[in-house]
Structures are given as C-alpha cells and as structure tokens.
Amino acid sequence: MTTEKIELSILRNLLFNEQFYRKVVPFVKPEYFEDHHERIIYEEVWNFASNYDTVPTSEVLIINLQDRKDITEESYSLAVQTLKSFEDIAIEHNWLLDTTEKWCKDRAIYLALLESIKIADGGEQEVSKDAIPSILQEALAISFDEHVGHDYVDNVQERYDYYQMKEYKTPFDIEKFNIVTKGGLSNKTLNIALAGTGVGKSLFMCHMAAAALQQGKNVLYITMEMSEEKIAERIDANLLNVNIKDIGQIPEQIFTQRVQEIGRKTQGRLIIKEYPTASAHSGHFKALLSELSLKKYFKPDIIFVDYLNICASSRYKGHIVNSYTYVKAIAEELRGLAVENDLPVVSATQTTRSGFGNTDVDITDTSESFGLPATADFMFALISTEELEQSGRIMVKQLKNRYNDLTYYRRFTVGIDRPKMKLYNVEDSDADNILDTEDEDTFETFEEESSKQNRLNKFSQFVI
C-alpha cells in the first residue's frame, strides 16, 4: 500500500472533516503546495471558504475548475483526477493537526529562504536586505493558535482575574509621571518624549536610565546622536550629583570609588551602545540583545533609543518611501521590539519647525510623521520657557496616554537641574498650574488625585 503524501491528506480532509477544515484553512496558504494541480485545488477550497463559509464537495470544486482560464489542460486533468480519488478515510485528528502545522512551518521556512536569497542577490529592488531576519522570523512563528478571541460572557472569570493582576511596571522616580501612568511604564510599550532641539530629550532619557539603574533594573541605552562616552558622562553627572563640567576634574581614585559604590548599591547593570546615525534598525537591536545575552549574560528590563527619527527601518530604504511611512515603520518596529522582548522602550522625537519655541506644543507638532503618535502608547511634550528656566522647571504636557485618562494632569511641571542632568519632584505651586483657562476647573490637585487613588486601591491592584 502506497503512503499518502501529507499534501493529499490535507486536501482530502479539507473535504471530509469539517473540524479540521475550520482549524487549518486560516493558516494554510496556496503557495505551500509545491505541485501545481494541488495548489489550484487548495485555491478553490480557499475561495469557496471565503464566499460560503462551509466545506466544499469534490463535485463543486470540479465545476469551479472548469471555469478557470489560467490553468493548463494537464493541470486541470490532474486536479480532477485527484479530487475523484478522494475518499472519506478516518484519521487521528490531533496527529493530523500537528503534522499539518509542522508541514506549514517547514514550507514557510523554505519559501522564506528562497525569498531571502532573491533579496540578497538584488532580485527585489523595493525590499532591503535588512528585512531578511524579519522574513525568516515570520516563517518561524507559524502556529495554529488556539486563541480565537475573548468571549465577553464566557471569559468573565479570566477577565476579572486580569483586572486583579498586578501589572509589572518600571516606575519613574518622578511622582507626577507615576500618577499619570498608574505606577510607571508597562512592558510591551513604546513611550515617546517630544521636544525641540536643546530642550532636554537626551537629559530626560539619561535621567530615566540612571533612575532605573538605581532601582536595580538592567538598562540598555542605544545612542545614535552622541557617543557612548558622552551619554556615560551625563549619567555620571546625574548619579554622582556633580556638575557635568566638573566630571573631568574629579581625582581618579575618588571617581572610581564613587562609581563602585553605585555598583554595590544596585543589582542592575547599564550598557550603552553607540551606532552611526541613521544606520541601525530593530534588526541590529535584536542582534545586540542576542549578543549581550550570550557574551555578558545581560537581559535588559528597559531600552532607551536616542532617538527614533535617526534610526533606520528594517523594512524600507529611506529613498523608496516618504517620511510618514518611514518614521511610522520605525515606530512600529521599535514597538514590536518591546512586545517581543516583554519590556518598555523609551525614545524621543523632534518637534516641527512651527513647534520649535512654541509654549504650547501639540501632538500635531510631531516632526516628519503623524504615524509616530498613532503607534506610541505614551507620548508627552517637554516644554521650556524663560520663566520656567528661571524657576528651574520644565513643563510636561501629555499628548497621548494609553495608561490613564489623558485629561488628568494634561500639563504639569517637574524640577530640572541641567548642570547635573537631573529631574526632580517639586512641590505643587502656581508654577504647576500653567494651564489654559478652560482647563483650570478640570484638573484636581495632585494631593486630591493621590487621595483618590488610595481610595480606589481596594478595587484596582496597581501601585502608585
């Protein structure tokens, strides 16, 4: 007795096994079938499923094949012969599902390798060679996922358990940021600071990196704007509480002792990696993470990318697409990096020319691509004016917030010490209430909000 090919077993069970049919049709693609007559049979099954949502019969498929003008007489004859040979033969369901899933993955990997070779040889002008890793990863990720959606009524217990679950977060050391984010940055998120040149994007990220290190987190800081040493100098000024211009004047022994003392007080590690401007993308970052894991046994808890607009895209070459598509692609790839590695990614972007110097920066002042705020989970503007600089403060304006209600504390101020590259908490005062007249009645004081959160703690599990 001749053993049936897996392709024929799949096609036969698509006609006689409705449970199998409904499980695999969403995942099997026509290009997986190597023999042309088998491929056109599956194309007809796919088309029938799309139009009628039921299992087709051999007779229906043969009739549909007669109307096709894009197949040869030989392919038609082989397809009809194959369909007429199918019989309803019992087969173990779970084994068939597992075998079909493995076949799909093997075929997807094979086709991805062929596509990658074509791209590497220059056969695909519109696709960059940097897209090859993501093409292979997509093929490796083929899976017959059992989850088909959340049933609002049937899954009530799972949903309630989710509400009671304490979400792992990376907290800020700035109280007001913790309030507006319900305790800090969630994993699998992209968080963006928007500011003009010289306002404090890198200062903000360096301060956050230093704060995360002090909390015992593993921090990866990727820079494409300044050198590794310049970023380390800013973090030194922050952690050592020293004016940045005096860092080079500290005696070597004292400097070494103070850095070692910081190392003893935290379980975290900080790695700074520099890439040339506009040359690195998420594919490089994934390779870096793999290399750090192998060589340094280092897995970050949070990643800072300084900054998003001078990254490259792994999917597009800059001269092929417009800036909206290109920057949006970079944002999507960085968010994908956050999701894949289960951590928050923090980056920054520039304001437009009209937003530069604007005392009320809006989300529309995002430079190059409005696709960036569409992708980000948390986005805020850093605003500096002469009045704020004189009082040692910087204003934060929320632009987008998936953590909390955006209308709470749309604007607030934090203290800033530029020589020491630090941000710090400040007491509530009139300087914190630089709001539009229409907003003044909307916002409660921070003490009132903190009190409200305390009252709600018996219902929600996040920690402020």
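**A serine and its surroundings**

Modeller: In this predicted model, S186 is found in strand 2, which covers residues 185–186. Is S186 buried or exposed? The relative accessibility of S186 is 5%, and buried means under 20% relative accessible area; S186 therefore counts as buried. Which residues does S186 touch, once its neighbours within four places in sequence are left aside? S186 is in contact with E167, Y168 and K169, and also with P344 and Y403.

The chain as a whole provides the setting for this residue. Of its 464 residues, 47% count as buried. The protein chain has 17 helices and 11 strands. Among contacts between residues at least 6 apart in sequence, 68% join residues at least 24 apart. The protein chain exposes about 24400 Å², and carbon and sulfur atoms supply 50% of that area.

Two pairs of helices may now be considered in turn. The crossing of helix 13 and helix 14 is right-handed. On the side of helix 13, the residues that take part are S282, F285, K286 and L289; in helix 14 they meet E333, L334, L337, E340 and N341. By class, the residues of this contact between helix 13 and helix 14 comprise four nonpolar, two polar and three charged.

The other pair consists of helix 1 (residues 6–16) and helix 6 (residues 93–120). Their axes lie 11 Å apart, and the angle at which helix 1 and helix 6 pack is about 125 degrees. This angle makes helix 1 oblique to helix 6. The crossing of helix 1 and helix 6 is left-handed. Helix 1 contributes I6, E7, I10 and N13 to the contact, and these meet L96, T99, T100 and W103 in helix 6. The residues of the contact between helix 1 and helix 6 divide into four nonpolar, three polar and one charged.

Definitions and conventions
Residues are numbered from 1 along each chain as its sequence is written. This is a predicted model: local features need pLDDT of at least 70, side-chain atom pairs count only at pLDDT 80 or more; totals for chains, interfaces and linings use all residues. Side-chain values use heavy atoms; hydrogens and water are left out. A crossing is left-handed if the near helix is turned anticlockwise from the far one by less than a right angle, and right-handed if clockwise. Helices (H or I, at least four residues) and strands (E, at least two) are DSSP runs, numbered from the N terminus. Contact means heavy atoms within 4.5 Å. Ala, Val, Leu, Ile, Met, Phe, Trp, Tyr, Cys and Pro count as nonpolar, Asp, Glu, Lys and Arg as charged, and the others, Gly among them, as polar. Buried means under 20% relative accessible area, exposed over 50%, partly exposed in between (1.4 Å probe, protein chains only). Accessible areas come from the Shrake-Rupley method with a 1.4 Å probe; for residues, only the protein chains shown count as cover. Axes are lines fitted to C-alpha atoms, for helices over the stretch in contact, and angles run from 0 to 180 degrees between N-to-C directions. Angles under 35 degrees count as roughly parallel, over 145 as roughly antiparallel, 65 to 115 as roughly perpendicular and the rest as oblique.
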